[in-house]
Amino acid sequence: LQDLIIGMPAWAFALFMAIVILAIVWAIAFKPEKPKEGK
Amino acid sequence: VMGMSVAPEAHMTILGVVVAYFVIITILGVWAKRYVKGLKDWVIGDLPFPLMFGHMVATLYSGMALIGASGLNYRLGVSAFAELWPIACLLVVSTVFAPRLWRYARENNLMTLPDLYEHYFGGSRLMRVLAVIIVFITVVILLVAQWTAIGIGMSLILGVPYQVSVIVGTVIVVLYTFAGGIWSVAITDLVQFICFALAVIVIAAIAIPAFGGLEGILSELSKINPKLVTPLGERPPFVWPYIATQYAVLFLGIAAHPRMVHRVYSSKKLEYFKWLPLAGVLGFGIAFLLPKYVTMAARVAVEKGMMPNPPTSDWALPYFVYYLTNPVIAGLFLAALFAACMSTADTLLAMSAPLFTRDIYQRLVNPNVDEKKLLLWTRIFTVIIGVIAMVIAFSPPAIIPWIIWTSEGLAACTLGVSLLYMLYARRFVTKAGVAASIIAGLVVGLSFGYYDRFVASLPMNPFFVPLIVSAIVCPIVSALIRPKKQ
């Protein structure tokens, strides 16, 4: 991971981490509703 | 490290691995026929999570785009890390579009994108026709581009004649798509993704230390050209107005691209979208980021005369792998790469055929057609479209690169905008508004795209203004033309 940070510009790394954090937040927060019976 | 030319035995090993891979994937694809009982299984499946994941990732990024993205780091250095949008897009798809789209599709028994537009506006044939036109532009024509990519890749790297490569690619893809439709497509996608990811991890783990680690690579790059290690580039696409508009356009363009909408439909459960962004970051992040480091090493390798200069930056990664890694790993990587091109082709093919049978024939001409007959005809159309695209790809028209590059932009300013309104602002949109917005997006999008490519390049993503136009037209026309009674 240390190596990945060296290679990437800081702002790109920040963006990458933001995506990771949002993905984790979504996985925790998302409560799927059951669909109504389709025909 | 072998030097400038690959030994004949190594070349044969690579070729052998590629051929073996193709045989296995064809058998696996045809075997998947067992999951297909009716048209709906063929078109959208009902895919379990691992298949959804592999399929979503393959849909997100074609083989050509994958090597093109890493090639940008070869050409422009670290500023090309700005291109993280495929990972971000998976997040947008799973959070903004998928949950509502999936529920709507399931509750109303939808199979295709034109189904959605027709159903949403109370059985509107006009909206179906409009959607069919957009799908045709963004999907069917793109198929030719994939055939071309397979042909160029196999002839350039493996020395197989171009037309033979195109024929081989077509036969494999048509064969297994014919048999298992989306099931075959998804299973081969998953296998391809696993092979690609494994090969890339091994290649990066060997290549990066061999060039003195990342610090070594970066210091070598800065000797070649100091701009290769500056965080923001000096020309498009990695200057900030470009990056910002690019993200806006691609978020909508990829999320609402017909192939992505179909992928959302094909999920077996809504719960899958909970984990998809995280799986995307972990899995796809590796397969997408690591090649970027490898191509920066490739730049150093070329500078030191260890491998030949690739014809364009797109080929930096395949060249590096072919010339400088173990033949078995190289074979696995190249096979997975060609398979990635094929996996975009098969997805497009599996969507193109129902466009003619389900969307046009069943819905607009003969609603009482027998379901079994329809499935048979969908399969036959797979062969017809595949072969037509193959023949066009023998001598690809010069317009093809433009089409590839336009497809997502046009999807953003037609389907992207209208889907967002339809899913989130139902009471504010009418049929007239959405139709006007799609037509405006298409016309303005084609004009801006043409201008940017053939007249003078614009200082931002050319589809950003068309996207805004389309987004303004929709509510205004909807407010002006209200149906008498909802």
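This is a predicted model: local features need pLDDT of at least 70, side-chain atom pairs count only at pLDDT 80 or more; totals for chains, interfaces and linings use all residues.
Student: Which helices of chain B supply at least two residues each to the side that touches chain A?

Tutor: In chain B, α5 (85–107), α9 (213–224), α10 (240–255) and α12 each do that. Of the elements on this side, α5(B) gives the most, with 10 residues.

Student: And how does the side of chain B that touches chain A split by class?

Tutor: It has 23 nonpolar residues, 3 polar and 6 charged.

Student: What about the area buried between chain B and chain A?

Tutor: About 2,700 Å² is buried between the two chains, and carbon and sulfur atoms give 75% of that. On the chain B side, Arg103(B), Glu107(B) and Lys274(B) lose the most area to chain A, together 20% of what that side buries.

Student: How many residues are in contact on each side?

Tutor: 32 residues of chain B are in contact with 26 residues of chain A.

Student: Back to salt bridges: how many does the structure hold over all chains?

Tutor: Over all chains, the structure holds 9. One of them pairs Arg128(B) with Asp115(B), whose closest N and O atoms are 2.6 Å apart.

Student: Where do Arg128(B) and Asp115(B) sit in the chain?

Tutor: Arg128(B) is in helix α7 (residues 125–158) of chain B, while Asp115(B) is in helix α6 (residues 113–120) of chain B, 13 residues apart. Side chains of opposite charge can pair when their charged atoms come close.

Student: New topic! How many cavities of 30 Å³ or more are there?

Tutor: The structure holds 3. The largest cavity has about 70 Å³ of space.

Student: Which residues line the largest cavity?

Tutor: Among them are Tyr61(B), Leu66(B), Gln192(B), Phe193(B), Phe196(B) and Phe284(B). Helices α3 (49–60), α8 (162–210) and α12 (272–303) of chain B each supply at least two residues of that lining.

Student: And what classes does the lining of the largest cavity divide into?

Tutor: The lining has 9 nonpolar residues, 2 polar and no charged.

Methods
Residues are numbered from 1 along each chain as its sequence is written. Chains are lettered from A and ligands numbered from 1 in the order in which they are written. Side-chain values use heavy atoms; hydrogens and water are left out. On a 1 Å grid over the protein atoms alone, a cavity is a set of points where a 1.4 Å probe fits but cannot get out, and a pocket is an open set with protein on both sides within 12 Å along at least five of seven lines; lining residues have an atom within 4 Å of a point. Grid points are joined across faces, edges and corners, and a volume is the space filled by probe spheres set on the points. Helices (H or I, at least four residues) and strands (E, at least two) are DSSP runs, numbered from the N terminus. Ala, Val, Leu, Ile, Met, Phe, Trp, Tyr, Cys and Pro count as nonpolar, Asp, Glu, Lys and Arg as charged, and the others, Gly among them, as polar. Contact means heavy atoms within 4.5 Å. Buried area is the accessible area (1.4 Å probe) that two parts lose on being put together, summed over both. A salt bridge is a side-chain nitrogen of Lys or Arg within 4 Å of a carboxyl oxygen of Asp or Glu.
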